[in-house]
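Morning, everyone. Please have the structure open while I talk.

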Amino acid sequence: MMRRRHSHKKNRPCKRQKAAPQIRPVLPERLGPTQPSGSWTVINPSNGYSEPAPDCSAIPTDASVEQGAWRWLLVGGLLSALLYVVLPYGLLASAVYVAITALAAFAVALAVKTRSQLVCPPAWLLIACALGLAASGHAIWYWLDLHGLEPFPSLADAFYLAIYPLFMVSLWKLGQRAGRDDGALSDALIVGVAAAVPGWALLIAPYVNDPDLSTVQLLVSTAYPVADLILLPLILRLIFLHRARVTAHLFLLSGMLAYLVADMLYAHGNTVGWYAPGGMTDALWLVAYALIVAAIWHPSASVELRSDVSHVEMSGRRLVVLGSASLLAPAVILLTAGVDVAVVRIAAIGSILLFLLVMHRMAGLMRQTHRQAEELEKLTRTDPLTGAANRRYLDEAMAREISRARRLGSPMTLAFMDLDHFKRFNDTFGHAAGDMLLEELVGAWRPVLRETDLLARAGGEEFVVVLPDTGPGEARRVVERLRQCMPHGQTCSAGIAELGPGDSADELMARADRAMYAAKHGGRDRVVLTADGNGDVEKP
């Protein structure tokens, strides 16, 4: 994060960087199939599946340790910030500040090293490096300040300014993990450009208008607020992209915003003259470090960042943010115009009122568009009869889960399930009854599966179940429980295939399909597993 700079006349703004650790995902629980009266199901903590074993009990996992770790790190960081404020400014307070920053860098690096399922480790590693630069910059700055030296620019400025490129790249890489942009960058740029107007007036113009600054001093002084204004759209892009309220993301973004606020408070206080080292402004940087460290150590830091939500997600709150940002420029005109420019004042007031009216109208149109978009989005992803995923979404999910399994080195299995004698059922009871059977079937199967699993209708009476983080043995037990849930006494045949090295989605599906047909030829109402990656099948 950034820190301060020194000048022969004024202290100049310098900055600090942040830290962040990592975490592992915990698979959602599966609910077991319908059990006989008086029986119980419990969750096996080793795989997330429900099993009819009455003596199973929860076992602490590494995720529970991580959950406690992030709390201690967050509380410790906040208490350290308070300690820094309470201590009288001097050698001890300076040593505490540098030590806290160095520990934050170490915490991030340790998380990157030890958390195997951390999302986008290179981005976090860049943050760790930036924090290391910040700690070095702080050490140099405090040494100069405690010795009464105020060179500007100083070597500390070189370390502080080097933080920004690392921070920018890390924010960009984290945003890239979400995939589809959905206009988030454009919206973030709108806010960034709007913020540049008051940013120029409050943070940059005082340096530009200072005749006592040399060219180098002017460039270094303005580099800090300019870098802050570049970081702001990158932070907002993450906010707009990661609309799922994941705790780790909220900690990370809160830390980044706290960091920017501390930067801008320092720049303004340094220019006006109210800033003094050892106060709340410095402590706010430590708060930012604590939030970022808590982010990387929170269990949800391993949740894959996705932007597969539709454009409907750009609703009321983002509209308010964009509207408020667009009001900044005319508001600055209104507040800074002299008494002899009444026309400018009237124009500014009129533009604000017109904009508010347009925003009100757009909000009504957006609500209607959202309702229609949500219905369309649902149709493109689900089978209209059963509500299961359709073949199009199955193909997308297969590609995503195969990539995830290979990245994490985790198992993945696929089950191909086909109802037995479905044509006979239709001929006997009618097609309407057959449709009802399929609907009831999907309704009975869903409680058995986790939220991370995918149930899709491949066509007719054929269904595909994608089971991430599940080996073939556990997959077979899950499929057997699905077969026990068949409504109206119907049966089904199933084939199971495990993802092998080099398997494509089509190859995995084909192997599961061959295993399913082997179950059919073996007498139906059974499960067959592929014996190896060549497609051979075991005897049921």
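I will go through some of the salt bridges in this model. The model is predicted, so local features need pLDDT of at least 70 and side-chain atom pairs count only at pLDDT 80 or more, while totals for chains, interfaces and linings use all residues. Residues are numbered from 1 along each chain as its sequence is written, and side-chain values use heavy atoms, with hydrogens and water left out.

A salt bridge here is a side-chain nitrogen of Lys or Arg within 4 Å of a carboxyl oxygen of Asp or Glu. How many salt bridges does the structure hold? It holds 12.

Start with aspartate 525 and arginine 483, whose closest N and O atoms are 2.3 Å apart. This pair links distant parts of the chain, 42 residues apart: aspartate 525 lies in the loop between helix 16 (505–521) and strand 7 (527–529), and arginine 483 in helix 15 (residues 472–484). Helices (H or I, at least four residues) and strands (E, at least two) are DSSP runs, numbered from the N terminus.

Now burial. Buried means under 20% relative accessible area, exposed over 50%, and partly exposed in between, with a 1.4 Å probe and protein chains only. Aspartate 525 is partly exposed at 38%, whereas arginine 483 is buried at 17%.

Next, aspartate 453 and arginine 450 form a salt bridge at 3.0 Å between the closest N and O atoms. Aspartate 453 is buried at 9% relative accessibility, and arginine 450 is buried at 3%.

Arginine 511 pairs with aspartate 503 in a salt bridge, the closest N and O atoms being 2.5 Å apart. Both residues are buried.

Last, a network of salt bridges links Asp418, Asp420 and Lys520.
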